[in-house]
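Please read it beside the sequence and the coordinates.

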Amino acid sequence: MTGTTGAAPGELMGEPETAPSGQFMGEPETAPSGQFMGEPSADGRFGEFGGMFVPETLVPACQELDRAFRSAWGDPGFRGELDRLLRDYAGRPSPMTECPNLSEELGVRILLKREDLNHTGSHKINNVLGQALLAQRMGKTSLVAETGAGQHGVATATAAALFGMDCVVYMGTVDIARQELNVFRMHLLGAEVRAAETGSRTLKDAVNEAMRHWVAVADTTHYCLGSVMGPHPYPWMVREFQRVVGEEARRQCAEILDGGVPDVVTAAVGGGSNAAGIFAGFANTPARLVGVEPAGGAAVGRGVPGIVHGSRSYLMQDEWGQVLEAESISAGLDYPGVGPEHSHLAATGRATYEQVADAEVIEAFSLLSRTEGIICALECAHALAWVSRARADLAGRTVLLNLSGRGDKDVDQMMGILG
C-alpha cells in the first residue's frame, strides 16, 4: 500500500490552500457528470484526499484490515449475516417520516430518515455491527473505540457485548462531563471508558488516545473507528457500512415521490459518517447534497488541506499547520477535521457545506420537538437549522434530512440551556 509515512497519530501538516465555498445554489437540472462515492484509488485516495499516513508499526494492521474488508465485502455469507443483524438486532429498515406540521411552518416539504429509531438510538450501530463482525472474522478478541457524544461508544460497547469481546472506549473529559448518561450506558454494557485528558479533551483527543492504544495491541484488537475518517481503508469501509442508510432512503423516496428523488439531501457533518451514508444513495442522482457543519468546527468552510489521524483532508489549522480547536454545542461534531471523501465532494462541487451557529441549533432542536413531537440529537439539529435558515430559497422543494440520532443524551444539557 502506498501513501504511507512515519507520521505519528494526530500529526498535522498544513498547506496554504483555500477551501471551497459552501454557498447554497439551486438544485442541478440533470444528474451530475461522472460517478461519485465508489471505491477509492489503490492507495486509498478520493481525488487528492485520503491515503494512509500512519506510523510504520500500524501499516501492517491497516493493510490486514484492507484485505479482510475486501474479502468480507465480496463474501455473500458475510453480507447475509450483516443484513440479518441489521434487520433482527438493529431494527432496519428505519422508517421515513414526513413532517406535515414542520413543513407547513417552514414552507418546505421535509422528509426525515429516522436513524434515531435504530437500536442504541443512532446510525452508529450500522457501522459498528459491520466492524465487529469483521473483527470476529479476523480473529480479534477486543475492540477499542473513540467517542464524542457517546453514541459510537455505546454502539461499540453494545456490539462487544453481543459478540463476547472486550471493549475499551476513549472519551474526552469534557465530553464525559456533558454526556454522563452515555458513559453510564457504556459501563452498563461492560465497556471500560478511559478519559482523554490532553488537548481540548474532546473527540480529537479521544481519537489520538484510541490510535495510540491500537498501536500497542493491534495483533489482538480491532480499532472500531466511528466515522469516515482515519487511514485507508476506514473512510471507505465506514461509508460502505453506512451506505444502507442511503440505499434504503432512495427506495423509500421513490415510493413517496412517485419514482423521483428529493431536491436536497442534507445531514450534519463532523467526521461525516451519517452524511456519507445518506449521500451514497443519492450521489449519482440530480439531488443536491448539503452537509452542515458547526460554525466553530467547520473544516470544509474554514479549513485547508492537511494531515490528521492518518489521512489528508480539510482541516482547521493555523499558518504553521497546527490544529485549531473546534467548538460546538454538540459533542459529536466537536472535531477540527472532516472525512477525506467529504473533502473530495466539496472540492469537486458535488456537495456543498454550510455552517450554522449554536443559537440556530438550539432553535431547531426546539422547533422539531414542538411541531412533530420528535426530540432529535443536537448533531442532526444542525441540518434542520440550515433548512430553517434557507427556507426562502428552499420554498416548495422537497428536502430529505438524515435524522441521525435521538436527543435523549442531550436533554440534560438542553435543560441547562433552555431552563
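1. Disulfides, taken here as pairs of cysteine sulfur atoms within 2.5 Å, number zero in this structure. Cysteine 167 is in no disulfide, and the nearest cysteine sulfur, that of cysteine 224, lies 8.0 Å away. Cysteine 376 is likewise in no disulfide, although the sulfur of cysteine 380, the nearest one, is 4.2 Å away. Cysteine 167 is buried, with a relative accessible area of 7%, and cysteine 376 is buried at 1%; buried means under 20% relative accessible area, exposed means over 50%, and partly exposed lies in between, using a 1.4 Å probe and protein chains only.

2. On the basis of the model: it is predicted, local features need pLDDT of at least 70, side-chain atom pairs count only at pLDDT 80 or more, and totals for chains, interfaces and linings use all residues. Residues are numbered from 1 along each chain as its sequence is written, and side-chain values use heavy atoms, with hydrogens and water left out. The mean pLDDT, the predictor's confidence in each residue on a scale from 0 to 100, is 92 for the protein, and 93% of its residues reach 70 or more. Over residues 1-29, however, pLDDT stays under 50, and for that stretch the model has 83 contacts beyond four places in sequence, where contact means heavy atoms within 4.5 Å.

3. The structure holds eight aromatic pairs, a pair being rings of Phe, Tyr and Trp (its six-membered ring) with centres within 6.5 Å, called stacked when the planes are under 30 degrees apart, edge-to-face when over 60, and tilted for the rest. One of them joins phenylalanine 49 and tyrosine 314, whose ring centres are 5.1 Å apart with the planes at 45 degrees, so this pair is tilted. Because phenylalanine 49 lies in strand β2 (residues 49-50) and tyrosine 314 in strand β12 (residues 311-315), the pair ties together parts that are 265 residues apart in sequence; helices (H or I, at least four residues) and strands (E, at least two) are DSSP runs numbered from the N terminus. Phenylalanine 49 is buried at 0% relative accessibility, and tyrosine 314 is buried at 4%.

4. Phenylalanine 69 and tryptophan 236 form an edge-to-face pair, with 5.0 Å from centre to centre and 85 degrees between the planes. The former lies in helix α1 (residues 59-73) and the latter in helix α9 (residues 234-256), so this pair ties together parts 167 residues apart in sequence. Phenylalanine 69 is buried at 0% and tryptophan 236 at 6%. Phe69, Trp73, Trp236 and Phe241 form one aromatic cluster.

5. Which residues touch the most other members of the largest nonpolar core? Of its 62 residues, they are Leu129, Leu134, Met186, Trp214 and Tyr223, a nonpolar core being a set of buried Ala, Val, Leu, Ile, Met, Phe, Trp, Tyr and Cys residues joined through side-chain atoms within 4.5 Å. Helix α1 gives the most to this core, with eight residues. Leaving aside neighbours within four places in sequence, leucine 134 is in contact with Leu65, Ala68, Phe69, Ala72, Phe78 and Met237. A second, separate core of 34 residues includes Leu102, Val290, Val356 and Leu403.

6. A last point concerns helix α12 (residues 340-348), in which Pro340, Glu341, His342, Ser343, Leu345 and Ala346 are buried. Just after α12, glycine 349 takes a positive phi of about 85 degrees.
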